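Work through the exercises below with the sequence and the 3D structure in view. Each task is followed by a solution in steps.

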Amino acid sequence: MAKVKTTFFCQNCGAQYAKWQGQCNSCKEWNTIAEEVVQKAEKTGWKAETPTAKRVAKPQRIQEIDTTRDARLNTKNNELNRVLGGGLVPGSLTLLGGEPGIGKSTLMLQIALMLPYKTLYVSGEESAQQIKMRAERINAEAENCFILTETKTQNIFKQIEAVEPDIVIIDSIQTLHSDYIESGAGSISQIRETTTELIKFAKETATPVILIGHITKDGNIAGPKILEHMVDTVLQFEGDRNHVYRILRAHKNRFGSTNELGIYEMQGSGLREVSNPSEILISKNDEELSGTAIAATLEGMRPLMIEIQALVSTAVYGTPQRSATGYNAKRLNMILAVLEKRAGFRLGAKDVFLNITGGISVDDTAIDLAVVAAILSSNEDIAVAKDICFAAEIGLAGEIRPVTRVEQRILEAEKLGFGTIMISKYCKIPKNNYGINIVKVAKMNDVVEWLFG
């Protein structure tokens, strides 16, 4: 047996030190360094000569590498496929994080029950009976889903050898522990060790592994930052538990874009895919209301129509308030300054509140024109017609600037039944016969005159 060895780790960032100190040199946090046992015995992790090993690594010319042999595995979930870049890549490690109770385990169990591949769902947080009760609520019949309640990696790999699954789901990585590390489950060294063993297994057997991870109160993945570096894909499951809609984003993806977005609706029978997000982002009011405008935005390759709400009122306490929900507050202040300087609207003594419906946050500058329309509509108390949408950026000189992929925005607006879309005069669009009226404007004054003139 090897000598017991201890070292010191920062519990916040995972930095390693030879002795204890009060402040971490890496993340500058205080009192986060703790002593951990890092080695108990001769380490024997996942071995390549196990019966489930399917390939042995050897040097190859890059021209000779065949990328068509290991096709992506279809998860039977269009939203997840889109965020992953087309499906699960064989041998990849995917880390899914999110708030407690947001639906991470529900999403993974739902996918495990739907998959046509042999799937092993390993749970260290729930009993098999609890998982069975959730599966009955989801109402999915599955013959290829195997449930294992275990936290020791050595036992998990023994069951993997027996079952030989095509996909492995771990719920969650913070509950696993290895016999070769003496520290408790969820510690820096245990997370690093168990993840290393799973990576070795995934790469040598070409089996995709999905890890569910906890997050901290700051919204970051719990554990060392190296965990996110080790895995291939990091997904974040977002949303408010008090609302029914959930958003799946990719923060890191070695096999696809990180700009894609998946939207789900939480129901009693599980998570429903929302194929048309505009249905949840635009209210269904029959009467026209002032202070609302529709913007054509993009999330990755997906065009969305979102509703912007604004409220402009006289400041009660002398100092006007500026509040934005789902929108950059500094950009709101910039747009208000442009309206005052370039268009002559006196908003300096008024409260301005801005909200993007649906509980989502948007960074796309193409919604600037819709923000301006909503603010002016509330200020003048004149409603903007419901069949008008906007897609343009506002410059500091009051000019209306073009945005990228404007043709996609126009086609989405046309598909959803809008009659008019307002864009920049300088947008270059193909001369196609669109079924929607395209209004081109160059300056802020043109917008005001067209809407309220």
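**Exercise 1. Are arginine 61 and glutamate 64 buried or exposed, and how do their side chains meet?**

Step 1. Arginine 61 and glutamate 64 are both exposed; on this scale buried means under 20% relative accessible area, exposed over 50%, and partly exposed in between (1.4 Å probe, protein chains only).

Step 2. Their side chains meet in a salt bridge, with 3.9 Å from N to O. The term stands for a side-chain nitrogen of Lys or Arg within 4 Å of a carboxyl oxygen of Asp or Glu.

Step 3. Side chains of opposite charge can pair when their charged atoms come close.

A note on the source: this is a predicted model, in which local features need pLDDT of at least 70 and side-chain atom pairs count only at pLDDT 80 or more, while totals for chains, interfaces and linings use all residues. Residues are numbered from 1 along each chain as its sequence is written, and side-chain values use heavy atoms, with hydrogens and water left out.

**Exercise 2. Which parts does the salt bridge of aspartate 368 and arginine 331 tie together?**

Step 1. The side chains of aspartate 368 and arginine 331 meet at 2.6 Å, N to O.

Step 2. Aspartate 368 lies in helix α9 (residues 368-380) and arginine 331 in helix α8 (residues 329-342), so the bridge joins parts 37 residues apart in sequence.

Step 3. With a relative accessible area of 0%, aspartate 368 is buried.

**Exercise 3. Describe the surroundings of glutamate 79.**

Step 1. Glutamate 79 sits in helix α1 (residues 78-84) and is buried, at 2% relative accessible area.

Step 2. Salt bridges link Glu79, Arg82 and Arg302 in a network.

Step 3. Beyond its neighbours within four places in sequence, glutamate 79 is in contact (heavy atoms within 4.5 Å) with residues including Leu261, Tyr264, Glu273 and Arg302.

**Exercise 4. How many salt bridges does a search of the whole structure find?**

Solution. The search finds 17.

Technical notes: Helices (H or I, at least four residues) and strands (E, at least two) are DSSP runs, numbered from the N terminus.
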